[in-house]
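Dear colleague,

I am handing over the structure below, and I would be grateful if you looked through it before reading my notes. The notes follow directly after it.

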Amino acid sequence: MNRWQQAFRLSKFELIHSKKSILFLLFLLAPYSFFLTMSIGSYLEEHFMLYDIFFLLTFGVAAIWAKPKEYQYQKLSDNMWAQPFTVFLNQLPIPREIVVRSRFIIYFIYSLPFHLAVLVIMYSFAPELRQTLLPLEFIAFSLIWLSFGICYGSVYPASDSGDKVTNVKMAFYAVVLLGSFSLILFAVPYLSSYGLVGLTIVLASKWPIVSSLISVIAAGASVAFWMRYMKKHMNKLDYFQ
């Protein structure tokens with residue numbers, strides 16, 4: 001717990017300089033919530049793919065877009081990409097475990113309140129969703145998507161440590177990422193007759209406890225894996241080579 005407290009104190013340096021970005025994230029809450037809330041009724045009837053895409057964007061990348069430019073992952077030299085403040089912290093006599101934890105705390109502060117607010121607004125103002133999911137089932141549905149945000153989003157703080165990225169490597173990452181999302185978006189309705197969000201609604205309504213447990217375990221495992229990866233990566237990476 002002491003290490004997490006130290007990491008939180010370290011994260012305050014960036015958060016203090018990110019107040020405008022956090023306010024901007026609150027501003028983004030309105031359009032995202034409005035679209036997802038107003039469209040859920042039509043989606044439950046037609047399962048149109050645009051809703052699934054918007055849901056993935058909301059819980060996958062929306063929160064991280066709000067970060068100030070100087071604290072985002074960016075090109076530092078010819079092939080070196082990293083988050084500058086993380087590189088700076090890595091040069092100081094601070095235990096790398098503390099640096100790693102601070103990066104994850106910052107991501108969670110950006111993402112979890114935003115994701116939770118979107119879900120609560122949806123359930124509060126979309127009668128179609130309340131008719132489809134009982135409160136316990138909605139909690140399971142929320143845990144599925146909060147866990148998705150953690151599983152997918154843990155890549156962001158882990159990548160802050162940096163990497164040597166060539167154009168070929170970046171193109172490969174882009175193809176894999178877009179290909180994976182496209183495969184999921186097309187495969188789920190083909191195999192289940194539901195859209196991606198619709199399938200998670202079914203899972204939450206039929207197996208709320210099981211789906212909640214699996215989601216939470218997956219989120220915890222993802223955080224543990226990417227924290228360990230980031231620490232090892234920082235130990236072997238030469239930022240000034």
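Is the crossing of H2 and H6 left-handed or right-handed? In this model, which is predicted, the two helices cross in a right-handed way. Helix H2, covering residues 19-46, packs against helix H6, covering residues 96-125, at an angle of about 30 degrees, and their axes are 9 Å apart. On the H2 side the contact involves residues including Leu 25, Leu 29, Tyr 32 and Leu 36, while H6 contributes, among them, Tyr 110, Phe 114, Val 118 and Phe 125. Sorted by class, this contact has 14 nonpolar and three polar residues, and no charged ones.

On the surface, a nonpolar patch is formed by Leu 50, Ile 53, Leu 57 and Trp 65, which together have about 380 Å² of accessible area. Helix H3, residues 49-60, supplies the largest share of that patch, namely three residues, and Leu 50 has its place in this helix.

As for charged pairs, a search of the whole structure finds five salt bridges. One of them joins Lys 67 to Glu 14, with the closest N and O atoms 3.5 Å apart. Because Lys 67 lies in the loop between helix H4 (62-65) and strand E1 (74-75), whereas Glu 14 belongs to helix H1 (residues 2-16), the pair ties together parts that are 53 residues apart in sequence.

With best wishes

Notes: Residues numbered from 1 in each chain as written. Predicted model: local features only at pLDDT ≥ 70, side-chain atom pairs only at ≥ 80, totals over all residues. Heavy atoms only, no water. Axes fitted to C-alpha atoms, helices over the stretch in contact; angles between N-to-C directions. Helix = DSSP H or I, 4+ residues; strand = E, 2+ residues; numbered from the N terminus. Left-handed = near helix turned anticlockwise from the far one by under 90°. Contact = heavy atoms within 4.5 Å. Nonpolar A, V, L, I, M, F, W, Y, C, P; charged D, E, K, R; others polar. Patch = residues over 30% accessible without salt bridge, like charges linked within 9 Å, V, L, I, M, F, W, Y side chains within 5 Å. Areas by Shrake-Rupley, 256 points an atom, 1.4 Å probe, with all protein chains shown as cover. Salt bridge = Lys/Arg side-chain N within 4 Å of Asp/Glu carboxyl O.
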